[in-house]
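User: I would like to go through this structure with you, beginning with the ligand site and then moving to the strands and a few individual residues. Could we start once it is on screen?

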Amino acid sequence: MALNLVMLGPPGAGKGTQAKRLAEARGIPHISTGDMLRAAVAQGTELGRRAQAVMASGALVGDDIIIGLVRERLAKPDAAAGFVLDGFPRTVPQAEALDAVLAGKDPLVVVEVAAEDEELVRRLTSRRVCSACGANADVPAPGEPVPERCARCGGTLTQRADDREEVIRERLRVYARDTKPLVEYYGGRPTFRRVNGAQAPDAVAREIEAALASAAPQGGGGAA
Ligand code: AMP
């Protein structure tokens, strides 16, 4: 049975870190629409040119564009054994489109990674990404300095354009308005779970594993 997983949650809850980790462990693709859009911006494609200003303002890219992107990605052979979606769906129309794509396939498991706004703002304002290897630096504990060099490769750490405080506040507003309704949309399903994102990454990972064990007992993907 394939593990078809959606990681839901506000920016900064740690869903990207967890999604990446889980996908690696299970040998299934990690599909981040934010990463796909940032790659398009970096490559200067038509999609990238259209998405860049929208992303920099903290708003959402249009449903049609994103749905097309994800539909194409899920049609690739490596997604047949399962996938971890990160940052999609973000609106009810996107969730409806995903249900339509998955009709007749293994059930969608949805894990919401929850955390309070003030903790999200603290994490996002101190989030740094390595310009050389792309790794996220560990978020410093409260009061600790923000790192400048990548612990993995020594590369320079930079801040995402949308991780400035005023943009973060807008992203959180957009989350509450457009994405939070998905908790309601999925909440009644037997495969919906919520975990506490306001913990150290290892503790969150353990909660997610426990959630998956109860929500998708046979879901294991390639590495099972
Ligand atoms: P993320 O890396 O998931 O925080 O996404 C960064 C930005 O990309 C978001 O603030 C949006 O502008 C855009 N984006 C990513 N995923 C989606 C989506 N599913 N729907 C609309 N916009 C998206």
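Analyst: The discussion below takes the ligand site, then the strands, then some individual residues. Please keep in mind that this is a predicted model.

User: Which residues come nearest to the ligand?

Analyst: There are 16 residues around the ligand, and those that come nearest are Thr33, Arg38, Ala59, Gly87 and Gln94.

User: And what is the make-up of that shell by class?

Analyst: The shell comprises seven nonpolar, four polar and five charged residues.

User: Which helix gives the most to it?

Analyst: Helix H2, residues 33-43, gives the most, contributing four residues to the shell.

User: What lies 3.0 Å from a nitrogen atom of the ligand?

Analyst: That is a polar side-chain atom of glutamine 94. On the oxygen side, an N or O atom in the side chain of arginine 160 lies 3.3 Å from an oxygen atom of the ligand.

User: How much of the ligand's accessible area does the protein cover?

Analyst: On its own the ligand has 470 Å² of accessible area, and the protein covers 96% of this.

User: Staying with arginine 160, where is it found?

Analyst: Arginine 160 sits in the loop between strand S6 (157-158) and H7. Its side chain makes a polar contact of 3.0 Å with the side chain of aspartate 162. Leaving out residues up to four places away in sequence, arginine 160 touches Arg38, Arg127, Val129 and Arg171.

User: Arginine 127 is on that list; is it buried or exposed?

Analyst: Arginine 127 counts as buried, because its relative accessibility is 15% and the cut-off for buried is under 20%. Its place is in the loop between helix H6 (117-125) and strand S5 (129-130).

User: Which side chain does it join in a polar contact?

Analyst: The side chains of arginine 127 and aspartate 163 are joined by a polar contact of 2.9 Å. Setting aside neighbours within four places in sequence, the residues in contact with arginine 127 are Asn136, Thr158, Gln159, Arg160, Asp163 and Arg171.

User: Let us turn to the strands. Why is S3 described as largely enclosed by the rest of the structure?

Analyst: Strand S3 covers residues 82-86, and five of its five residues are buried, so the strand is largely enclosed by the rest of the structure.

User: Which residues are on each side?

Analyst: In a regular strand, side chains alternate between the two faces of the sheet. For S3, one side holds Gly82, Val84 and Asp86, while Phe83 and Leu85 are on the other; both faces are covered, and these residues are all buried.

User: Which strands pair with S3?

Analyst: Strand S1 (residues 3-8) pairs with S3 in the parallel sense over five bridges, with asparagine 4 having phenylalanine 83 as its bridge partner in S3. Strand S2 (residues 30-32) also runs parallel to S3, joined by three bridges. There, isoleucine 31 has leucine 85 as its bridge partner.

User: How many bridges join S1 to S4?

Analyst: Five bridges join S1 to S4, and the two run parallel. The bridge partner of asparagine 4 in S4 is leucine 108. Strand S4, residues 108-114, is mostly covered, with six of its seven residues buried.

User: And what about S4 and S7?

Analyst: S4 pairs with strand S7 (residues 192-196) over five bridges, again in the parallel sense. Within that pairing, valine 110 stands opposite phenylalanine 192.

User: Changing topic: where does proline 89 lie?

Analyst: Proline 89 lies in the loop between S3 and helix H5 (92-101). Most peptide bonds are trans.

User: Finally, is tyrosine 175 buried or exposed?

Analyst: Tyrosine 175 is buried, with a relative accessible area of 8%. This residue is found in helix H7, residues 165-179. Not counting residues up to four places away in sequence, tyrosine 175 touches Leu8, Gly9, Pro10, Pro11 and Lys180.

User: How does glycine 62 stand in terms of relative accessible area?

Analyst: Glycine 62 is partly exposed, with a value of 36%. Glycine 62 lies in the loop between helix H3 (46-57) and helix H4 (63-74).

Definitions and conventions: Residues are numbered from 1 along each chain as its sequence is written. This is a predicted model: local features need pLDDT of at least 70, side-chain atom pairs count only at pLDDT 80 or more; totals for chains, interfaces and linings use all residues. Side-chain values use heavy atoms; hydrogens and water are left out. A residue is near a molecule or strand if one of its heavy atoms lies within 4 Å of it. A polar contact is a pair of N or O atoms within 3.5 Å; within protein, one must be able to donate a hydrogen and the other to accept it, and residues adjacent in sequence count only if both atoms are side-chain atoms. Accessible areas come from the Shrake-Rupley method with a 1.4 Å probe; for residues, only the protein chains shown count as cover. Ala, Val, Leu, Ile, Met, Phe, Trp, Tyr, Cys and Pro count as nonpolar, Asp, Glu, Lys and Arg as charged, and the others, Gly among them, as polar. Buried means under 20% relative accessible area, exposed over 50%, partly exposed in between (1.4 Å probe, protein chains only). Two strands pair if DSSP finds at least two bridges between them. Contact means heavy atoms within 4.5 Å.
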